[in-house]
Amino acid sequence: KQCSISNKQNHLVCLEINISFTDEIPSRFKKTVAQAAKEKRQDVIVPEGMERLIQNIGASHKITRDELHTIALEVGSEKKQIPFNTFVQMI
């Protein structure tokens, strides 16, 4: 089983395919993962998007919603929006 990001549904899904990120450069992998957290039609990441990503990778027990909001506020703006490229660098 391989896991990949579904661009249409904007979440991580596991499929029975032979696609692997082993041949990809790390930055491409990071961008693909970050796509799962990105807001539709915007190049920003908001806490809800980060929460969705964390849930999709099975790590929701590792970080709280409040911590995600704090990250978005400190790294992003008062609107809690992190620019996509900044989020990719954080991964």
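**Figure 1. Overall architecture of the predicted model.** Buried residues account for 30% of the 91 residues in the protein chain. The accessible surface comes to about 6400 Å², and carbon and sulfur atoms hold 49% of that area. Among contacts between residues at least 6 apart in sequence, 42% join residues that are at least 24 apart.

**Figure 2. The largest nonpolar core and the members that touch the most others.** In soluble globular proteins, nonpolar side chains tend to be buried together. Here the largest nonpolar core has 13 residues, of which Ile45, Met50, Leu53, Ile82 and Phe87 touch the most other members. Each of the helices H1, H2, H3 and H4 (84-90) supplies at least two residues of this core, and H4 gives the most, with three residues.

**Figure 3. The surroundings of Ile45.** Once residues up to four places away in sequence are set aside, Ile45 touches Ala34, Ala37, Lys38, Met50, Lys80, Gln81, Ile82, Phe84 and Phe87.

Figure 4. Side chains of opposite charge can pair when their charged atoms come close. The side chains of Lys38 and Asp43 meet in a salt bridge, with a distance of 3.2 Å from N to O. What is the relative accessible area of Lys38, and is this residue buried or exposed? With a value of 18%, Lys38 is buried, because buried means under 20% relative accessible area; Asp43, in contrast, is exposed, with a relative accessible area of 52%. The charged end of Lys38 also sits over the ring of Phe84, 5.7 Å from the centre of that ring. As for pairs of aromatic rings, the structure holds zero.

Figure 5. Arg65 forms a salt bridge with Glu51, and the closest N and O atoms of the two are 2.7 Å apart. Because Arg65 lies in helix H3 (residues 65-75) and Glu51 in helix H2 (residues 47-56), the pair ties together parts that are 14 residues apart in sequence. Glu51 is buried, with a relative accessible area of 17%. Leaving aside neighbours within four places in sequence, Glu51 is in contact with Arg65 and Leu68. Over the structure, the count of salt bridges comes to two.

Figure 6. Most residues other than glycine have a negative phi. Arg41 has a phi near 60 degrees, a positive value in a residue other than glycine, and its place is in the loop between helix H1 (26-35) and strand S3 (44-45). Phi of Lys80 is likewise positive and near 60 degrees, and Lys80 lies in the loop between H3 and strand S4 (82-83). How exposed is each of these residues? Arg41 is exposed, with a relative accessible area of 86%, whereas Lys80 counts as partly exposed at 26% relative accessibility.

Figure 7. Val33 lies in helix H1 and is buried, with a relative accessible area of 17%. The C-alpha atoms of Val33 and Val88 are separated by 8.4 Å, although the two residues are 55 residues apart along the chain. In the second pair, Asn56 is found in helix H2 and counts as partly exposed, with 24% relative accessibility. The C-alpha atoms of Asn56 and Ala37, which are 19 residues apart along the chain, are separated by 9.9 Å.

Methods:
Residues numbered from 1 in each chain as written. Predicted model: local features only at pLDDT ≥ 70, side-chain atom pairs only at ≥ 80, totals over all residues. Heavy atoms only, no water. Salt bridge = Lys/Arg side-chain N within 4 Å of Asp/Glu carboxyl O. Buried < 20%, exposed > 50% of the residue type's maximum accessible area, 1.4 Å probe, protein only. Helix = DSSP H or I, 4+ residues; strand = E, 2+ residues; numbered from the N terminus. Phe/Tyr/Trp six-rings, centres within 6.5 Å; stacked < 30°, edge-to-face > 60°. Lys NZ or Arg CZ within 6 Å of the ring centre and 35° of its normal. Contact = heavy atoms within 4.5 Å. Core = buried A, V, L, I, M, F, W, Y, C linked by side-chain atoms within 4.5 Å. Areas by Shrake-Rupley, 256 points an atom, 1.4 Å probe, with all protein chains shown as cover.
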